[in-house]
Amino acid sequence: MNLLTLDIGGTAMKSGLFQDGILTDCQEQPSRGKEGIGAVTEEILKTIAEAHAHSPLDGVGISMTGQISPGDGQIIFATDSIPGATGFPLGETIRQQVSFPVSIDNDVNCAAVGEGYFGSGKNFRNFLCLTYGTGIGGAIVIDRKVFYGKIGIAGEVGHMVTHAGGLPCVCGRKGCYEMYGSTNALLRRIKEITGEDWNGRQVFEHFSAPAVRSAIDAWIDEIVWGLISLLHIFNPEAVILGGGILEQPYIYDEIVRRTLDSVLESFRTSELVRASLGNLAGIYGAYHNITALLSKNQ
Ligand code: BMX
Ligand code: ZN
C-alpha cells in the first residue's frame with residue numbers, strides 16, 4: 001500500500017511516503033504560504049502528481065495549517081500567513097484531481113494523533129499538543145480522541161489573547177499568543193534588535209550575545225504565560241511540545257522549569273514532554289488518518 005502524507009505549514013511543506021506502513025521517503029520544500037493559497041495548492045497538487053507518477057498512490061493524508069473542517073477539508077479560517085486561504089475548498093479541489101481517498105485535518109491535530117499513536121502521547125489518555133513554529137497551534141486530546149468542538153476547529157491556542165490590546169495578529173485581532181510566543185515572533189524580535197534576518201538555528205549560534213540571550217529569555221516567558229493558563233484550564237496528564245526550535249535543549253528545559261515554578265502548586269503534576277517524533281509528528285498523524293479513512297471505506 002502506497003500512502004503519501006503532506007504536512008503543510010505557513011513556511012514549509014513536508015512530504016512523507018509510506019510504503020506498507022514504513023516511511024520510506026521524506027522531503028521538505030517551501031510551502032509558498034506567503035504567495036497565497038493558490039501557490040500552496042499548486043505545490044500540493046504537483047507533489048501528489050509526482051509521487052503518483054513514480055509509484056501509484058492508494059491515498060493521501062494531509063496535515064494543514066488553519067482551521068480545517070475535518071470532513072470536507074474546507075479551510076474555515078486561516079490567518080494571513082496564507083493569504084486568501086479563508087473559505088477555500090481545499091479538500092474538494094484536491095479530490096477533484098485525484099482518484100484515491102484524501103484525508104485532511106489541522107496540522108496540530110495531526111501532530112497530536114501522530115504523537116498519540118506513535119510517539120510521546122502513547123502513555124497518556126488526556127493531553128494537549130502545542131507546536132511553536134510560524135504560528136502556535138494546539139490540539140486537545142480527551143480519552144485518546146481529538147476534541148473538535150462545535151464545528152471542528154477547537155484548539156486554536158495561538159489566538160488566545162495573552163496581551164490585551166497588544167500587537168496586531170495575522171488573524172486580524174490584537175495581542176494573540178502567537179504574536180509573542182511563536183518562532184516567528186522570536187525571529188521578528190531578533191531582527192528588531194540586530195537587524196539580521198536569521199532563522200532559528202542562526203539565532204542559537206549567537207546565544208552568548210547578551211542582547212540575543214535576553215530576547216530568547218523574554219520569548220520563553222511569553223511561551224510560559226500561555227502554558228500556565230492552559231494547564232490551569234485543562235489539568236492535562238501531559239502537554240506535548242513540538243516545533244523545530246524546541247529541539248534546543250535550553251528552550252525546552254527553561255520552559256519546563258519556569259512553567260512548573262509558575263503554576264499553582266496543585267497543577268504541577270502535569271508532565272511537559274517534548275514531541276518525540278520531532279517535526280515528523282504531523283506526517284505520522286496524517287498517515288494514521290488516511291489509514292483510518294481507507295479502512296472505514298472498505
Ligand atoms: C495558526 C493557525 C493554526 C495552526 C497554527 C500552527 C492558520 C493558517 N494557522 O495559529 O490553524 O495550527 O498557526 O501552524 O490560521 P504553523 O503554520 O505554525 O505550522
Ligand atoms: Zn490571532
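Pro-30 touches Thr-11, Ala-12, Met-13 and Glu-43, leaving aside residues up to four places away in sequence; contact here means heavy atoms within 4.5 Å. The structure is a predicted model, in which local features need pLDDT of at least 70 and side-chain atom pairs count only at pLDDT 80 or more, while totals for chains, interfaces and linings use all residues. Residues are numbered from 1 along each chain as its sequence is written, chains are lettered from A and ligands numbered from 1 in the order in which they are written, and side-chain values use heavy atoms, with hydrogens and water left out.

Pro-30 belongs to strand β3; helices (H or I, at least four residues) and strands (E, at least two) are DSSP runs, numbered from the N terminus. With a relative accessibility of 55%, Pro-30 counts as exposed. The terms for accessibility are buried for under 20% relative accessible area, exposed for over 50% and partly exposed in between (1.4 Å probe, protein chains only). Between Pro-30 and Glu-271 there are 241 residues in sequence and 33 Å in space, taken from C-alpha to C-alpha.

The sheet around β3 comes next. It is an open sheet of five strands with mixed pairing, in the order β3-β2-β1-β4-β7, where two strands pair if DSSP finds at least two bridges between them. Its edge strands, each pairing on one side only, are β3 (22–30) and β7 (102–106). From one strand to the next the twist averages 15°; axes are lines fitted to C-alpha atoms, for helices over the stretch in contact, and angles run from 0 to 180 degrees between N-to-C directions. Strands of a sheet pair through backbone hydrogen bonds, either parallel or antiparallel. Strand β2 (residues 12–19) runs antiparallel to β3 and is joined to it by eight bridges, and Ala-12 has Pro-30 in β3 as its bridge partner. Helix α3 (residues 107–118) lies across β1 (2–8), β4 (59–64) and β7, at about 100° to β7. Helix α9 (residues 281–297) packs on the sheet as well, touching β1, β2, β3, β4 and β7, and its direction makes about 135° with that of β1.

Another open sheet, also of five strands and with mixed pairing, has the order β10-β9-β8-β11-β12. Here β10 and β12 (271–274) are the edge strands, each pairing on one side only. Helix α3 packs on this sheet too, touching β8, β9, β10 and β11, and its direction makes about 50° with that of β9. Strands β8 and β9 form a hairpin with three residues between them; six bridges join this antiparallel pair, and Phe-127 has Val-141 in β9 as its bridge partner. Val-141 is also the bridge partner of Val-146 in β10, where two bridges join the antiparallel strands β9 and β10. Strands β8 and β11 run parallel and are joined by five bridges, with Leu-128 opposite Val-239 in β11. Both faces of β8 are covered, with Phe-127, Cys-129 and Thr-131 buried on one side and Leu-128, Leu-130 and Tyr-132 buried on the other.

A nonpolar core is a set of buried Ala, Val, Leu, Ile, Met, Phe, Trp, Tyr and Cys residues joined through side-chain atoms within 4.5 Å. The largest such core has 34 residues, and Tyr-132, Leu-227 and Leu-241 have the most contacts inside it. Elements giving it two or more residues include β8 (127–132), β9 (136–142), α7 (210–234) and β11 (238–242). The largest share, eleven residues, comes from α7. Leaving aside residues up to four places away in sequence, Tyr-132 touches Ile-223, Leu-227 and Leu-241, among others. Apart from this core lies another, of 25 residues, among them Leu-4, Ile-48, Ile-82 and Leu-90.

Finally, there is a metal site. The zinc ion (ligand 2) is coordinated at 2.1 to 2.3 Å by His-159 (ND1), Cys-169 (SG), Cys-171 (SG) and Cys-176 (SG). Donors are N, O and S atoms within 2.8 Å of the metal (3.2 Å for Na, K and Ca); water is not among the atoms, so sites may look incomplete. The four donor atoms subtend angles of 105 to 118°, which makes the arrangement tetrahedral, a term that for four donors requires all angles to lie between 85 and 135 degrees. Along the chain, the donors follow the spacing H-x9-C-x1-C-x4-C. His-159 is buried at 15% relative accessibility, and Cys-171 is buried with a relative accessible area of 15%.

Terms used:
Tetrahedral: all angles 85-135°; square planar, octahedral: opposite > 155°, others 65-115°.
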